[in-house]
Amino acid sequence: MSAVHASAVPTLAPYKLPRQRSARPVPGGLSTGVFLLSAQFPGQGHAEALERTVSAAVAAEQAGLDSVWLAEHHFVPYGVCPDAATLAGLLLGRTRRVRIGTAVSVLPTHHPVRLGEQAALLHLTSGGRFTLGVGRGGPWVDLTVFGGGAEAYEQGFPESLDLLLRWLRSSRVGASGPRYDFPEVAVVPRATERPIQPHRGVRQTGAVPRTDRQTGSAQHAFAETSPAPLSVTAGGARTAGGPPVVIACTSLGTVRLAAQQGLPMLLGMHSGDEDKAEMVAAYRTAALEAGRTPDQVARIEAEHVAAGVAQVADRTADARSRLLRAMPDFFRFGLGAHRTVDGRERRMRDPEQYTELLCDLHAVGTPRLCADRLLATHERTGIRRFALLVEGSGDRTETVANIARLGAEVLPQLPQD
């Protein structure tokens, strides 16, 4: 989800907001979550960046948000979490209600069986709160370090995805492809079993108290309440059948692959609403061509996720100014460290212009403007699930405060499930 290099990102024009927010109800409501890069801003250490991520995830649950999405990168300060599934396991233990997902686990640098085992473990032990997001990643030196090479990025993704999905849906799996070839083995643990549900009254040592968004009262993160039933929620069904899987899509080829597999898309924050709408339309066409019914396609489309940025302030100028002070230096520091697998230089877009673009496209401004932007994206694209980058200030305290305002001042203006 870090494709901000000039060769990969189109130049996008900002959209004008409607003068008055639509009062049209949104079936099922909107689902809002946070997207955490574990970004190392200039002058920070790795532990500081990771601690901010953990604090932000706990704050998201306290604020009443629906989901937390974790990025994965190697060898660069753009994101210092090298294994999103491992960090997801920690956060599933620190929270009780919020869904935790990877955005994304980079499949060319993982063995699909190993990742499938991790996903099954997290799904079964978290009460079904884990979502596995996967993607191709970029043509970075990671491919050389982990042994896949450029071929794993350029050609190997469909084979890896097919093996991963078979592992998550079957009891025995073998492979005979160009990259993976092994005899049939038992799937242990099986993701298709019913997830473990938390016991009534169970408290967890070290759990973080949460504050009720409406009353302001402090509550324990594992309060003595009945566990949530297994039911369909934004982000997938908490029933037997394995964890929900989404695919990061940045090209029409990946859109078609997602549609053929019947998996929802995760669309990047560098894309505007027109680009997202085009990809949703292309997905619908490909899914219907693959033999799915309109009702089946509609159910899948309800699970598409749009990544974006959120920065809430009393004045829009203040929100934009905060990001423009911090993010350009972060982009230079973080993205400038990327090395390609073949040694070729990839030109990065201007950091100041890119930050301005993100401010123009996304929920950056007053609470009302943030709500309007999210609703406008929904109306233009049909997407109802959002993963919002909230750490653009680079500061832990400001990030937690930003999440609190998102929950207290923006969410009440949005249709809810």
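Predicted model: local features only at pLDDT ≥ 70, side-chain atom pairs only at ≥ 80, totals over all residues.
Residues are numbered from 1 along each chain as its sequence is written.

Let's start with Gln-311, which sits in strand β14 (residues 305-312); strands (E, at least two residues) and helices (H or I, at least four) are DSSP runs numbered from the N terminus. Gln-311 has 7% relative accessibility, so it counts as buried (under 20% relative accessible area; exposed is over 50%, partly exposed in between; 1.4 Å probe, protein chains only). Beyond its neighbours within four places in sequence, Gln-311 has contacts (heavy atoms within 4.5 Å) that include Ala-319, Arg-322 and Asn-402.

Strand β14 also turns up in the cover over the buried residues of helix α11, along with α10, β15 and α12. Those buried residues of α11 (residues 351-361) include Tyr-354, Leu-357 and Leu-361.

Now the charges: the structure holds 19 salt bridges, meaning a side-chain nitrogen of Lys or Arg within 4 Å of a carboxyl oxygen of Asp or Glu. Here are three of them.

| Pair | Closest N and O atoms |
|---|---|
| Glu-117 and Arg-114 | 3.8 Å |
| Arg-284 and Glu-301 | 2.9 Å |
| Asp-342 and Arg-344 | 2.6 Å |

Glu-117 and Arg-114 are three residues apart in helix α3, so about one helical turn separates them. Arg-284 is partly exposed at 34% relative accessible area, whereas Glu-301 is buried at 14%.

Note on methods. Heavy atoms only, no water.
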